Amino acid sequence: MDSKRIAYVLMTISFIMIMSGSVSSFVAGLKQDQAEMYRRVYVVNDEFEVFSTNTSVFEEYRDNLYKDYLSDFFYDTMYENDSTLKNSLSNYENIVDEIQKSVSKLDSLCKNVYYPNSEANSKCLNYKSIYEQVVNYFVSDIQLYNSYVIKYNEYAKDKEKYLSIDQYSTKKDYIDYNQDKKYDGKEE
């Protein structure tokens with residue numbers, strides 16, 4: 001009888017130890033998951049800050065582009081300003097490319113994830129719409145410039161010295177990045 005009792009006590013102690021080890025492992029896993037989640041919240045906030053800064057640079061650059069070139073279109077100076085303007089448009093496109101890099105990182109951090117931080121969730125919700133506007137504004141601006149080039153080339157054909165200008169070429173096109181069936185930033 002004593003051997004049965006000892007076996008019963010040992011089995012009970014073993015069961016308790018296994019259960020406490022399992023609970024302890026579960027709690028440790030939860031703490032590790034929670035720490036990883038808060039680390040990701042920090043990374044989302046940090047990456048959104050980079051995205052936001054680049055977006056502000058885009059807006060400022062776009063304003064200057066309009067102020068310096070696109071709002072006042074003069075046939076007489078278009079040929080002389082063309083190389084400078086194309087360089088500015090190339091820099092403008094590079095800013096969009098930098099924003100796209102941040103968007104790729106945010107995509108990987110925000111896809112199918114709900115964070116315990118409302119600020120991070122808000123950033124994950126809003127960056128797609130902002131990015132869509134940036135790309136669509138860029139494409140609209142390039143189309144505007146190219147329409148000026150077409151008008152200039154038609155105007156210049158009638159002149160004694162015909163100096164044509166090439167359109168600015170880009171592979172970017174209008175996007176519906178947040179898939180809401182609207183093209184935010186696309187001018188109708």
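**Salt bridges.** I looked up the salt bridges in this predicted model and found that the structure holds six of them.

I began with D82 and K86, whose closest N and O atoms are 2.7 Å apart in a salt bridge. The two residues sit four apart in helix 2 (residues 75-110), so about one helical turn separates them. I also checked their accessibility and noted that both D82 and K86 are buried.

**A pair across segments.** Next I turned to K172 and E93, whose side chains form a salt bridge at 3.4 Å, N to O. Because K172 belongs to the segment after helix 3 while E93 belongs to helix 2, this pair ties together parts that are 79 residues apart in sequence. I recorded K172 as partly exposed at a relative accessible area of 23%, whereas E93, at 12%, counts as buried, the cut-off for buried being under 20%.

**Within helix 2 again.** I then noted a salt bridge between the side chains of K101 and E98, at 3.0 Å from N to O; they are three residues apart in helix 2, so about one helical turn lies between them. K101 is partly exposed at 47% relative accessibility, and E98 is partly exposed as well, at 38%. I also traced shared partners, and found E93, D97 and K172 joined into one network by salt bridges.

**Helix 3.** Finally I followed helix 3 (residues 118-157), whose 40 residues reach 59 Å from first C-alpha to last, close to the expected 58 Å.

Technical notes: Residues numbered from 1 in each chain as written. Predicted model: local features only at pLDDT ≥ 70, side-chain atom pairs only at ≥ 80, totals over all residues. Heavy atoms only, no water. Expected span 1.5 Å × (residues − 1). Salt bridge = Lys/Arg side-chain N within 4 Å of Asp/Glu carboxyl O. Buried < 20%, exposed > 50% of the residue type's maximum accessible area, 1.4 Å probe, protein only.
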